[in-house]
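Please read them alongside the coordinates.

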Amino acid sequence: MISTLLSRRGGADGAPAPRLVYGADYNPEQWPRSVWEEDVRLMREAGVNLVSLAIFSWARIQPAEDVWDFTWLDDIMDLLHAGGIGVDLATATASPPPWLTAAHPEILPVTARGETLWPGARQHWRPTSPVFREHALRLVRQMATRYAGHPALVAWHVNNELGCHNVHDYSDDAARAFRDWLRNRYSTLDALNDAWGTAFWSQRYSDWEQILPPRLAASHPNPTQQLDFKRFSSDALKDHLRAERAILREITPGVPVTTNFMVMGGTKGMNYPDWAEEIDFVSNDHYVHPGPQDRDELSFSANLTSGISGGRPWFLMEHSTSAVNWQPVNLAKRPGDLVRDALLHVAHGADAVCFFQWRQSAAGAEKYHSAMVPHAGPDSELFRTVTGLGATLKALSPVAGSEREPAPVGILYDWDSWWASEQDSHPTTLLDYRQEALDWYSALLALGIRADLVTTRGDLHRHQVLIAPVLHVVPADLAKTLTRFVEQGGHLVTTYFSGIVDENDHVWLGGYPGALRDLLGIRIEEFGPLPAGESVELDDATTGSLWTDRVAVTAPGTEVLARYRTGVHAGRPAVTRRPAGRGSAAYVSTRLGVEGVTSLLPRLLAPAGVAGELPEDARGRVETAVRRDAAHRYLFLVNRGEQAVPVRGLSGDVLVGVADADGVLTLGPRGVAVLRQPLA
Ligand code: GAL
């Protein structure tokens, strides 16, 4: 789908389809007309074949309620087409213009504390405002009607990063819509009262109108109300996405529709596995957050995006050529980072490599954010690197359209568990769901073992080992799926605070880990969270932090892989494994961190016979990812470190990289190589 986007309009530059998309957000309205021609010329020079246009153009397109100005947009659409550059056209609804907010301040979002988020930045709209919806959809209809049939149009870009700043709105509109959503979910007030456990603290509702979003309260708001509000907030934005999409499909049925997700860092408000079903292809934005695991996090996010996309290729809509403008200290990328980061996304299934943005702004809040054409202009190291990347992506055309080859290990990433496990009034406030999952991923990278991030909507049976860190919410049917996975020969690994509650955030009684207790063959009567900075030693020389459990083994045959050596549970099991059916179920009762997990994993993976694929001396130093089409396998090798790494003994055509006469591929610091291997 993505790799053929450009050929849909006839491949004006004559390149063979399919191919990888290369481009950026393009904001020509920030520049005089004279710059546009240079832009198109430089885009061609860099190998750019697609730009996203009109993302923040509402005020320019509709300067007043009944005034429309498309002339400038017609002009740039035509110019881009003449230059052989396709357009991912935004519906332009991301940032409402001042005339709209002045006339209708009731579209502005409200925080849990009751503060209004005023205009002056962007995305200041309530997902549930009927007034905003009406104006936004009017604009979408105008855009779709105007550009239906325009030869530059290759895809629709709904809004922009839906929920980036406005996912949780506590306004009266939100309250009304929340009640409707709850009526739909529960049908009766009795069912809602049961699900929310309102017998607690005198919270029983006797009328739907009494229900509010979890606004700032005297103490912890009802946990199920909080969890449902998270679900509702994601659904409210999804509803907006569907409303825009309906108009686009009505007027331009042949043009695919996407919206850019933010699978990165701590962005957790939008349930993307659920949204993915609403669009024609998945798009993602990713920015590096500098830190010790920053490129592991990039790989993790790209991998998770692939999981959300069902292993099919996806579209990297934004990342940065160098520094961003919104971190406390905005670090420039080092030599090699730009190309390595881009190709790491491709390794994990991206068929498009796009940046924010094409030309660095001279004014506005993002003037210090890097771009493909920096303030220094095209005579710059950065633009030369950008052009080099364009050539590399062209060399990688054969990869376009290929899907991910299932890895032996799956890591289950679950939005409900993410949302619920980090709520307030819990045994600890220190738990970080994403970090725990990332640590397991980093440990697998350190061992040179490929893993796929998967969601509960994916086919879990594709993996020999399934790691489910902090799988906190386990509805009865998920418990059954995991039991079947183990019975049929799969090896499950889960951790502390897993299996604890059902979909209503009600505890599974009888001892922890509730829904997974029998499968794991253990029973825990009380949690033992650790204060910040405290740790316990295990007898396998690893160290636990954050959490411990008093684990009792209940099922015969359950092995104890490690015991606590220090702390209140000294001598008791810390890591267990129960052989069950044709597989096994293991439990890790503490937070081991990357180092501890790396040391434990070989023992957890042994029953499945899973080990690293690269020669021993390259394992852990080089990340591998594999894509596959009907005839070939594409092996991506990414140097994770600062030292050159020679990789021996691999065969295939070298699409990126250089092999010496003996076939040794040497990856320079942050270097990438790609091999094409025929499928037997
Ligand atoms: C994204 C956004 C872009 C730009 C970028 C800067 O959140 O979609 O418009 O602001 O961040 O990093």
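1. An N or O atom in the side chain of glutamate 366 lies 2.2 Å from an oxygen atom of the ligand. A polar contact here is a pair of N or O atoms within 3.5 Å; within protein, one must be able to donate a hydrogen and the other to accept it, and residues adjacent in sequence count only if both atoms are side-chain atoms. For glutamate 161, the corresponding side-chain distance to a ligand oxygen is 2.3 Å, and for a polar side-chain atom of tyrosine 287 the value is 3.5 Å. The ligand alone exposes 310 Å², of which the protein buries 96% (Shrake-Rupley method, 1.4 Å probe; for residues, only the protein chains shown count as cover).

2. This is a predicted model: local features need pLDDT of at least 70 and side-chain atom pairs pLDDT 80 or more, while totals for chains, interfaces and linings use all residues. Residues are numbered from 1 along each chain as its sequence is written, and side-chain values use heavy atoms, without hydrogens or water.

3. Residues around the ligand (a heavy atom within 4 Å) include Phe56, Arg122, Asn160, Asp285, Trp326 and His369. The shell comprises five charged, four nonpolar and two polar residues (charged: Asp, Glu, Lys and Arg; nonpolar: Ala, Val, Leu, Ile, Met, Phe, Trp, Tyr, Cys and Pro; polar: the others, Gly among them).

4. By an automatic or database domain assignment, the chain divides into domain 1 (18–183 + 214–400), domain 2 (409–608) and domain 3 (622–678). The C-alpha centres of domains 1 and 3 are 32 Å apart. Contact (heavy atoms within 4.5 Å) links 21 residues of domain 1 with 16 of domain 3.
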